[in-house]
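My notes follow in the order I looked things up.

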Amino acid sequence: MLGMIKSEIYKLFNKKSFYICALVLMGLIGLSVLSYEKNYFGGLGISDTEGISLKQIGFTAWRAIRHGIGFEFITIMNSIFTSIFVCYEFSSGMNKNLVIRGKNKFIIYFSKMLVSMLVPVIYTLLSALTLYSISSHVWNAGNWEQSYVNSIVIPMGLFVLVQMAFQSIFVMFGYLFQSSVWVTATNFGLAFGIIPSLIIAGISYILKNWFGFEESILNIVANVGKCWLGSVSGVYSYGYPLNEETTKIFSWLVSSYFVIPAIIGSIVFWKREIK
């Protein structure tokens, strides 16, 4: 399996799309910084910001990272690249050739999944560096403080775990559909939260209008919707309160998103004939 992982790492860093997605992500981070100041004052109800800037009120690059400005684009670029990275193996006949040569399908699957999880790690670090660099010029660089370990480093680590769990889902759909068009559309919908929102809304509508369930049941459905991985990613961007209980819930929830898609995807790939 180690040989397969090395091969996948080589393919990852030789993919042009990997670097294209990274450049697009950096551009989106930059645009997010430029638009953040206007949105910030608008959120405070200040319509006339002439003569007022975040730089003047002491907004720093470290605070920008704490707010995760533009970090929502990491999930989107992960979904696009992973769709390309996985589906190319089918369109090029690479997976079929590996199976013909006697490679175990489970090893093929998990090698791809593990290497795919490097992508959000790299993209998140790249986004943080880009955000710090641009914010330092637009606002203030700021000084590192010990409190940032709890307010930035740990939450960012949790954010990366969420993104890695997303990769498990993206890879699963790649092996289920094997078509870059369908996989990209599905993963894009998951990254934006469109598909989970539609599913929750559909279930709530059916329960209420077809079966006459009361609001209490619908509230349960809504609470289940909060367990979607995209909602959990708010642990970083929106200052989700971290304590022993919430961290435990977060760990179990994210772990399930790692394991369940991996089991489903690998079994389907194992049983399905590669065309």
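Predicted model: local features only at pLDDT ≥ 70, side-chain atom pairs only at ≥ 80, totals over all residues.

**Entry 1: overall layout**

I started with the secondary structure: the protein chain has 14 helices and zero strands. Helices here are DSSP runs of H or I with at least four residues, strands are E runs of at least two, and numbering goes from the N terminus. Along the sequence I read α-α-α-α-α-α-α-α-α-α-α-α-α-α.

Residues are numbered from 1 along each chain as its sequence is written, and side-chain values use heavy atoms, with hydrogens and water left out.

I looked up burial next, and 44% of the 275 residues in the protein chain are buried. Buried means under 20% relative accessible area, exposed over 50%, and partly exposed in between, with a 1.4 Å probe and protein chains only. The accessible surface comes to about 14,700 Å², and carbon and sulfur atoms hold 66% of that. Those areas are from the Shrake-Rupley method with a 1.4 Å probe; for residues, only the protein chains shown count as cover.

For contacts (heavy atoms within 4.5 Å), I took those with a separation of 6 or more: 81% of them are between residues 24 or more positions apart.

**Entry 2: helix H7**

I checked the length of H7, residues 118-138. The expected span is 1.5 Å times one less than the number of residues. For the 21 residues of H7 that gives 30 Å, and the end C-alpha atoms are 30 Å apart, so the two agree. I also listed the buried residues of H7, among them Val-119, Tyr-123, Ser-127 and Leu-131.

I clicked on Phe-81 to see what surrounds it. Leaving out residues up to four places away in sequence, Phe-81 touches Leu-12, Lys-15, Ser-17, Phe-18, Cys-21, Val-119 and Tyr-123.

Met-77 sits in helix H4 and is buried, at 6% relative accessibility. Beyond its neighbours within four places, Met-77 contacts Cys-21, Val-24, Leu-25, Leu-28 and Tyr-123. Its C-alpha atom is 9.3 Å from that of Phe-18, 59 residues away along the chain.

Buried or exposed, I wondered about Ser-32? It is buried, at 11% relative accessibility. Ser-32 touches Ile-69, Gly-70 and Phe-73, with residues up to four places away not counted.

**Entry 3: cysteines**

I searched for disulfides, meaning cysteine sulfur pairs within 2.5 Å, and the count is zero. Cys-21 is buried at 5% relative accessible area, and Cys-87 is buried at 3%.

**Entry 4: salt bridges**

How many salt bridges are there? I count four, taking a side-chain nitrogen of Lys or Arg within 4 Å of a carboxyl oxygen of Asp or Glu.

Lys-11 pairs with Glu-8 at 3.1 Å, N to O; both are in helix H1 (residues 2-13), three residues apart, about one turn of the helix. Lys-112 also bridges to Glu-8, with the closest N and O atoms 2.8 Å apart. That pair links distant parts of the chain, as Lys-112 is in helix H6 (residues 105-116) and Glu-8 in helix H1, 104 residues apart. Glu-89 meets Lys-11 at 2.7 Å, and this link runs from helix H4 to helix H1 across 78 residues of sequence. Both Lys-112 and Glu-8 are buried, and so are both Glu-89 and Lys-11. I noted that Glu-8, Lys-11, Glu-89 and Lys-112 are linked in a network of salt bridges.
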